[in-house]
Amino acid sequence: MTVSDKGSPPEVHASASDAGQFIHHHTEFPTTRFSRILDGVISAIGKSASWLWIVVTGVIIYAVVGRYAFGMGSVTLEEVQWHLAGAGWLLGLGYTLVTDDHVRVDVIHERLSLKGQAWIELFGLVFLLLPFLVLAVYEMIPYAVSSWEQGETSQAPAGLPYRWILKGILALSFALLIVAGLSRLLKVTALLFGFPKPIRVESGENKKEDAS
């Protein structure tokens, strides 16, 4: 051992499980019977929409091979790509909220107790997220209806018709976010005020039990 090695701390390599402890940000609020139903609906839609990414990948590969191997470019395929990618991303927004997998930038949140985090969630949901989403849906529905009434199509040559479908998905995605936000709000109020009554979900073969 050299002099420089003396007294130096042993090198520690963090495992993947150790790294997970640093990036885990989920806030484990109690669930309720109604929020479980809402979460199930949003999760089913989000998981179904995730299959669109496989379709998008296939379309991209087909378009690239056609363009560079056979010299056949297609505006239609280019628009199909971003239409499907946009739909998949938008329909997955609600899923990220119910699973608490969205990006957080609040450095204070993780340092608080569970009830402290719940109060922040309550304020954010009631005064920031839900009012914004309601206003967004209020504006987006006429936006999609107007597109449908005008028979709006892509301005690009050989572009896709029925542009109202994508605009309708935009409104739908924000409506699903409202549902996900309400589910989250029920969990927060269950923790802070005991209403609705929280439930405990047991793992394995155990059944659900009412939380005391």
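Modeller: Let's begin with helix H2 (residues 33-50) and helix H7 (residues 163-193): their axes come within 9 Å and cross at roughly 145°. Axes here are lines fitted to C-alpha atoms, for helices over the stretch in contact, with angles from 0 to 180 degrees between N-to-C directions. This is a predicted model, where local features need pLDDT of at least 70, side-chain atom pairs count only at pLDDT 80 or more, and totals for chains, interfaces and linings use all residues. Residues are numbered from 1 along each chain as its sequence is written, and side-chain values use heavy atoms, leaving out hydrogens and water.

Biologist: Which residues of H2 and H7 meet?

Modeller: From H2 you get Phe34, Ser35, Leu38, Asp39, Ile42 and Ile45, and they meet Leu176, Val179, Ala180, Ser183, Leu186 and Lys187 of H7. A contact means heavy atoms within 4.5 Å. Sorted by type, the residues of this contact are eight nonpolar, two polar and two charged. Nonpolar covers Ala, Val, Leu, Ile, Met, Phe, Trp, Tyr, Cys and Pro; charged covers Asp, Glu, Lys and Arg; the others, Gly among them, are polar.

Biologist: Why does Ile37 count as exposed?

Modeller: Ile37 sits in H2. Its relative accessibility is 52%, so Ile37 counts as exposed. The cut-offs are under 20% relative accessible area for buried, over 50% for exposed and partly exposed in between, with a 1.4 Å probe and protein chains only.

Biologist: And why is Trp119 called partly exposed?

Modeller: Trp119 comes out at 47% relative accessibility, so the label is partly exposed.

Biologist: What makes Trp119 and Phe193 an edge-to-face aromatic pair?

Modeller: Their rings are 5.8 Å apart centre to centre, with 85° between the planes. Rings of Phe, Tyr and Trp (its six-membered ring) pair if their centres lie within 6.5 Å; planes under 30 degrees apart are stacked, over 60 edge-to-face, and the rest tilted. Trp119 is in helix H6 (residues 114-150) and Phe193 in helix H7, so the pair ties together parts that are 74 residues apart in sequence.

Biologist: How confident is the predictor across the chain, going by pLDDT?

Modeller: The average pLDDT is 84, and 82% of the residues score at least 70; this confidence is given per residue, from 0 to 100. Over residues 1-24, though, pLDDT is below 50, and that stretch has one contact beyond near neighbours in sequence. Residues 203-212 stay under 50 as well, with 17 contacts beyond four places in sequence.

Terms used
Helix = DSSP H or I, 4+ residues; strand = E, 2+ residues; numbered from the N terminus.
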